[in-house]
Amino acid sequence: ATSKDSGLYRVTIANKHGSVTSDEAVLKVVSPGAPQIFADGKEVVGSVVKGDKAEISLTTSFEGGSIYFTADGSEPSFESTLYKEPFTITETSVIRALAYSVDFSDYAESDPVVVSIVHNYILNAEVSGQGSVIKEPSLGKYIQDSVVKVKAVPNVGWIFLSWKGDLTGAFEKGTLVMDRDKSITAVFEPIPKFTLEAQVLGNGIIKGNEAKSYYGGEKVK
């Protein structure tokens, strides 16, 4: 195999009963000594997606050789950064690497790889008063640009008043797009309580709802 044979391959097997085709496979033909690029311990071919950060390591089959690399997609050269040990990236990077033999008589370059960093964010939900906030989905961290639905649920004797923080409004349900860490507060207040004083003039009685010391937003007959 030569570099011209690099690409995507499928295999189809057929007989009189029909045929079946395999999944796509990637064939990568590299020159001797060409650097291999790893993200979190796994070799990257083409591209890979990682959350928040990734540890990048480089190797070459040149015994005692040197590796120079770039992380911005620019062409690597002898003047690029010398690889000494694994390093961490926190933003999407295009990594290219160039390896030299120990006596610099031979060299080989890797294919560019793209390591896409998708950030994870935290949604902090608090309450003021008595109630709770339901998050859907309920996760510790959310992938960048994911959508989270929230609902304010008051305890008995309380009503939802409004949202504060990264969500505003007086509707009990809301939606947030997680493009950064966010914090919201659901504000609850007690249902107002009122007294009803009933007096009788003359002979008679008053009947109605079960007697209470107070009524909160309910009809009394």
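Four strands make an open sheet here, ordered E6-E5-E8-E11, and the pairing is antiparallel. At the edges stand strand E6 (42-43) and strand E11 (87-89), each with a single partner strand, so one side of each has no neighbour in the sheet. Strands here are DSSP runs of E with at least two residues, numbered from the N terminus, and two of them pair if DSSP finds at least two bridges between them.

A word on the source: this is a predicted model, where local features need pLDDT of at least 70 and side-chain atom pairs count only at pLDDT 80 or more, while totals for chains, interfaces and linings use all residues. Residues are numbered from 1 along each chain as its sequence is written, and side-chain values use heavy atoms, with hydrogens and water left out.

Back to the sheet. Strand E8 (residues 54-59) pairs with E11 in the antiparallel sense over three bridges. Opposite Thr88 in E11 stands Glu55.

Now the rings. How many aromatic pairs does a search of the whole structure find? It finds 11, counting rings of Phe, Tyr and Trp (its six-membered ring) with centres within 6.5 Å; planes under 30 degrees apart are stacked, over 60 edge-to-face, the rest tilted. Phe160 and Phe188 have ring centres 5.9 Å apart and planes at 65°, so this pair is edge-to-face. The pair links distant parts of the chain, 28 residues apart: Phe160 lies in strand E20 (residues 158-165) and Phe188 in strand E22 (residues 182-190).

Phe160 is buried, at 15% relative accessible area, and Phe188 is buried at 4%. Buried means under 20%, exposed over 50%, partly exposed in between (1.4 Å probe, protein chains only).

Finally, ring pairs link Tyr68, Phe78, Tyr100, Phe104 and Tyr107 into a cluster.
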